Amino acid sequence: MKKLLIFLLLSLAFVGSANAVSIKGAFGYQLGQIVEGVKGSHCFGCIEKYNLSKTFVPQKPLPGDFSYYLIATPKDKKVYEIYAIDSSSHDSHDDCSAKHGVFNNIMKIFELKYGFFSKTNTEENIYALGIKWKSLNHSYVNGHREILIRCRSSNSNQHHITITYIDYILEKIQNEEAETALKKELKEREQKFIEDAADYDI
């Protein structure tokens with residue numbers, strides 16, 4: 001009986017993974033697509049990369065007040081992240097787990113296409129503003145790609161939503177290229193400093 005139960009569970013897991021919807025892209029762009037006009041980021045693991053991204057407006061935007069970004073590898077300009085953020089602060093009593101409102105509608109749209117999203121809760125403190133945030137993260141993974149939908153709510157009744165499509169293989173390339181570029185830049189700065197230092201009459 002135990003063996004039969006294990007076999008059934010393994011079979012269900014296999015069927016579920018076989019029927020998983022592949023993550024190709026979103027909002028009119030594909031992950032891995034080469035896009036001109038994206039500067040690429042020489043920054044890894046930092047928010048500044050979004051200042052170097054390409055903004056766009058999709059033909060069929062999501063409900064809400066979202067801004068949309070493409071982030072690409074520095075060298076080949078391959079899109080490794082498609083990012084959308086609800087730029088408005090929702091000063092309401094609705095929290096991220098509410099059964100109504102923009103966030104609930106967003107999750108319904110995504111789950112109709114992709115099915116089950118795993119969920120985790122985290123807490124963050126932004127000390128500079130004295131605000132405590134709670135974050136509800138919804139994740140759908142297919143191979144080396146992931147869709148991460150996050151709703152953050154603060155103790156001051158602010159809410160915002162972020163949606164990220166990411167290709168982790170391309171992100172690794174981005175990080176390697178960014179690190180190489182950063183080392184080159186630091187070396188050039190050091191050489192210039194040495195050259196400029198020789199001009200001082202000391």
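How many of the residues of strand 5 are buried? Strand 5 (residues 79-86) is mostly covered, with 7 of its 8 residues buried; buried here means under 20% relative accessible area, exposed means over 50%, and partly exposed lies in between (1.4 Å probe, protein chains only).

## Ground rules

This is a predicted model, where local features need pLDDT of at least 70 and side-chain atom pairs count only at pLDDT 80 or more, while totals for chains, interfaces and linings use all residues. Residues are numbered from 1 along each chain as its sequence is written, and side-chain values use heavy atoms, leaving out hydrogens and water.

## The overall picture

The protein has 3 helices and 9 strands, taken as DSSP runs numbered from the N terminus (H or I and at least four residues for helices, E and at least two for strands). Along the sequence they come in the order α-β-β-β-β-β-α-β-β-β-β-α.

Of the 202 residues, 35% count as buried. Take the contacts (heavy atoms within 4.5 Å) with a separation of 6 or more: 55% of them are between residues 24 or more positions apart.

## Strand 5 and its partners

Strand 5 pairs with strand 4 (residues 66-72) in the antiparallel sense, over 7 bridges; pairing takes at least two DSSP bridges between the strands. In this pair, Ile-71 stands opposite Glu-81. The hairpin has 6 residues between the two strands, and Lys-77 takes a positive phi near 60° there.

Strand 9 (residues 159-167) also runs antiparallel to strand 5, joined by 5 bridges. Here Ile-85 stands opposite Thr-162.

## Helix 2, one face in

Phe-103, Asn-104, Ile-106, Met-107, Phe-110 and Tyr-114 are buried.

Gly-115 follows the helix, with a positive phi near 85°.

## A buried charge

Glu-177 sits in helix 3 (residues 168-197). This residue is buried yet has no salt bridge, and the nearest side chain of opposite charge, Lys-75, is 5.7 Å away. A salt bridge would need a side-chain nitrogen of Lys or Arg within 4 Å of a carboxyl oxygen of Asp or Glu; Lys and Arg count as positive, Asp and Glu as negative, and His and the chain ends are not counted. Leaving aside neighbours within four places in sequence, Glu-177 is in contact with Thr-73, Pro-74, Lys-75 and Asp-76.
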